[in-house]
Structure formats: structure tokens, C-alpha cells
Amino acid sequence: MIKHPIEPDAEPAVRLNDVRLTYETKEGKRLDAVAPTTLTIRAGEMTALVGPSGCGKTSLLRVIAGLTPPSGGEVTVFGQPPAMAQQHKRLGLVFQEPALLAWRSVADNIRLGLQLNPRETHSSTEIDELIEIVGLRGFERYRPAELSGGMQQRVALARALAIDPPLLLLDEPFAALDEITREQMRYEVQRLWGISHDPTEPPRSAIFVTHSVPEAVAIADRVLVMSPRPGRIIADIPISTPRPRRPEHEHSDRFINDTAIVRAALRSPTTPAVPLDAA
Amino acid sequence: MISEPVPDLDTFDAPEPRSRRLSRPDLRPTLTWILPPLVALLLLAVAVELWVRLGDVSIWLMPRPTAVVESFFVDFGRYFNEGLKTLAVSLGGLAIGTAAATLLAAGVAHSQMLERAVLPIAIMVKVTPVVALIPLFIIWLGHGWNPKIAIAALITYFPVLINAIAGFRDVDPRMHDFFRSVNASTWEIFRHLRWPAAVPYLFASLKISVTLSLIGAVVAEFFLSGQGGLGAVIWIEQNSLRLEQVFASVLMLTVIGVTLSTAVVVAERLFSWRLDQPVTAS
């Protein structure tokens, strides 16, 4: 059953307190990638992060994943530093490119996360079951290069889910796919987001980085809009379309209205978002 | 858990699962590749034969190809045994050189300091013809097998080092991020990411160094003609101007070179994950 109660009282999945990120360029100039950001992502929440290219969405995601240390501020994931989330394998990463091991079969790629840092492996998800769920039955022995782009990205999703992480971090996972596959994957990812999950862990949250407005509105409970660099969160828009969502929902007034609000926020980075038909 | 059946979204354009059993090799392409050079070689031999016979060329300058072939088969035991010695030197050097270079490359791939310290020296030695060191090696290591193996090892060392470093580094940064995101250890990253990534590079460098090691072995044998080996045979026979024996020894070296190179290609087919090759059954 797909059921993701957002638990307001539970420990938040992610908490950013005045987090900023500054790069030093080769000429020694400072480049502000992410302006001071304070943000709470509740447990069980699916959050989309939208913004123009180069606004620091990916940088922010990397900070949360503990892959890039912030230049200032404090990051906690389930109340602990990101390094602890890595250590306990509570992060499921999916990138724009599938980034699979070319020499491993589909099944062995999915198994990778379980195999690494084995002391922390707590998942009970059977690889076979996972292969079935992501629709790769019959392709277990294939090499990634023998699969289509969409199938490769399913492998990457399954690999992230295999360790049963309470936080999924998805960095434009469908940007490299063709439009048709991409629209299907919107609903795939929501279904996969809900697959079996260790009840002793916090409900699964996800942060989904994208620059597609319809994708963000179709997937998320909440859309965060980022300004051009230095990235700042300029709008926080709740999405009310009920779950489970279906492609038909994209024709509803509610969906169209929500996309209009997000687009308006993207268009006017300095003023707060205003619904177009504020009736 | 699934709440509703899910259509196979993009499996329709995917290839059918095919049998993983290796099919019987088709000999026709092999023949079309092997026959033309064989015919060309034969024509060349016939031309030389005619030139030597009709042009009345002195046997001190150029032996008749038929005489070379005759010597090769009549004295086959000798060329074979000496060839084994050369092969042993070559393989010994190759094994030591490859192992040592791979080990250092693994260190360099993990440490920028080590890279800065080692790479300039590596490139310096690379542009130096290492056979120039043979006299020194004889002084240091004596007149036995050791200086020969040392030269063969040194000559194979640098192609492997450079390639292995490139291989260990040829890692998708996203993949590296994934390993870090589950707190994989440096050893796990090496074992499951860097090492497999380097395998095609190692085979590419082996193709180069396998012939280099043979060169090193033969040149070293010139200097140590008392120790045997085809290099020694060539050296001794040319002193007596017995060119048939010289050519027959070269022929045996060619056979060894072809065998070694083929062995590397076969090993690559068996052990490499490269995608233009069939998946080995597991």
C-alpha cells in the first residue's frame, strides 16, 4: 500500500540551519553557490527542488548527502550529521546518469549497496523482489550497456532502494531520458518510493531535484523554488493533489493551477509567489 | 508492496534475453584474416629465394629461405630449448614488472603526493632506453638469470604503471559518490570500483609490454651469451657468419612473440568485462 503519513512530530528528515556554500574559483574569486538557507524537511515528505540550471540545487543536495561540506551553517539528517546518515546507510542516491558498474549484471548492480559497508546492512528487501517491482524481471543477467536509458535508471533506483533508506536523494534522475519514458517514470518513482520499508526506521522521505515544473508538481507534496545563483529558496508551495496520483491528474484544474503558481515563482525571483488566478 | 499491476513500461524495445552460452566459434572470419598474410609471406619467401639463387648472392650475406626453414626443423630441439629460456626470462620479467607497477599505480591513484614524487621519475626512465643499463645490471646482479629478468621487468614496468594509474583513476565521479554515500571503505572502493575499472587498461598495457619484455630478454642475452637463450644463439652464430641459424632463431622468436601476444588477447577475452566481448558464464 502506498501510504506516507507526514509526521509533524517525528524527527525531521533534514534540517538546514543557515547553510551556505561558497566555492573558490581558480582565479581566487569567491563564488556563492548557495545563499544562507534554513529549511526543514519532515519525515515522510516528498519534496521537489526546482530552479534554473546552475542555481545550486545539486550543490544543496550534495551538502545534505554529506558529499560536499557546507561553507557555513549546520546540516542534520535524522538529527545527526550527514556522515552518520552515510554510515548507517540511510541515504539512497540517484543521479542524472545511472552511474552503474559496467562490468556487473543488473542484479549485481542492485546488490552493490548491500554489499558495501556490510555491517550496516539492515534491509530485508529481497533483490529478486526488487527486480520484479522495478520491472526488470528477465534482465537480471544483463549488463547495463545492454539496457535502454529508462531501464538503466530503474536499476539505479532499485540500487538506491535496496538498502531501504529512509531518505531518497534524487538529482534530476530523469533529465537524460526521452519525454515519454520520463512521464512514465514520474509515477514509477512514486510507487517505488512506497515499497516495503523497515517500520523501525523513520517513514521514507525524498528530495527530488528537477528543472521540470510539471514533474515537480506531479511528484511532490511540496515544491521548493530556488532563485538563480546564489541559490536561495524563494517559494515553498504545498501541492494538494491527493495520492496515489495518476497521469490523469495532470489534466486537473488543481494540477494546472499548482504548476502556474510554481512557474510564477520561478519567473519572479525577487517577489513572493502569487497565484495567477487568485480567485 | 504493489497496489496495482504495473505495465512493462519500456521493456518493449529492449532486447530479448539471449542465451548466455558461448556459441561455437565460427572459423570463416579467422581464415579470411589469416590466409592473406600467409600468402603474402610465402610470396616474399619465394621472391627472396629466387633473388638469392638467381642473383648468386653470397650465403654469408643472405641465406636461402629454404635453408633457414630446413635449419629450423632439423635443429628444432635446439631452437625450442633456447626459446624456452628466452620465454622464461621474458615471462619472469613481465610478471615481476607488471605486479610491481600495478602495486605502485594503486598507491599513486590514492595519493597525490606519491604521484608528484613518482611520475616525473617514471617519465624520465620511460624516455631512457633501459637496455643501456644491462652492463650495470650485470655488475650488480651477476652473470645468471637475474640481470636478464631485471631488464625484462624494468622495460615492462612503465607502460603498465602509466596505464594502471589511468585505469585506477578512470572512475565515474557519480559512482564514487554512491560508494561514499553508503560509507564504503577505501578498500571497498578499490576492490569494487577502481580495480575493475583498471582491468581493460591493464590488458592494453600488457599487449605493449609483452613484446617489450621479449626485446629486453633478447638484448640481455646478447650480453650474456654463456647463459643460453635465443639472443645468445644469435650472437654466437653471427660471429661465425652462420646466417641460417641466425634467421632460424629469429623465426623462433617470432613464434614466441605471436604466441605471447595471442595469449594476452585470449586472456583479455576471458577476464575482461569490456562490452564488445561476450559475457562470460558465471
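Contact here takes C-beta atoms, placed from the backbone, within 7 Å. For the classes, Ala, Val, Leu, Ile, Met, Phe, Trp, Tyr, Cys and Pro are nonpolar, Asp, Glu, Lys and Arg are charged, and the others, Gly among them, are polar.

Quick housekeeping. This is a predicted model, where local features need pLDDT of at least 70 and side-chain atom pairs count only at pLDDT 80 or more, while totals for chains, interfaces and linings use all residues. Residues are numbered from 1 along each chain as its sequence is written, with chains lettered from A and ligands numbered from 1 in the order in which they are written. Helices are DSSP runs (H or I, at least four residues), numbered from the N terminus.

Back to that pair. α8(B) and α10(B) pack at about 160 degrees with axes 10 Å apart, the axes being lines fitted to C-alpha atoms over the stretch in contact, and angles running from 0 to 180 degrees between N-to-C directions. That makes the two roughly antiparallel, a label for angles over 145 degrees.

Next, α9(B), residues 230-239. B:Leu230, B:Gly231, B:Ala232, B:Val233 and B:Ile234 are buried there, with 20 or more other C-beta atoms within 10 Å of their own. These buried residues pack against α3 (76-110), α8 (186-223) and α10 (243-271) of chain B. Which way does α9(B) cross α10(B), left-handed or right-handed? Left-handed. The axes come within 8 Å and cross at roughly 165 degrees, which makes this pair roughly antiparallel too. Just after α9(B), B:Leu241 has a positive phi of about 55 degrees.

Then there's α6(B), residues 146-169, which packs on α8(B) at about 155 degrees with the axes 7 Å apart. They are therefore roughly antiparallel. The residues in that contact split into 19 nonpolar, seven polar and three charged.

Last, confidence. In chain A, pLDDT (the predictor's confidence in each residue, from 0 to 100) averages 85, and 90% of residues score at least 70. The stretch to watch is A 271-279, where pLDDT stays under 50. Where pLDDT is low, predicted coordinates should not be read in detail.

Technical notes. Contact = placed C-beta atoms within 7 Å. Buried ≥ 20, exposed ≤ 12 C-beta atoms within 10 Å, placed from the backbone. Parallel < 35°, antiparallel > 145°, perpendicular 65-115°, else oblique. Left-handed = near helix turned anticlockwise from the far one by under 90°.
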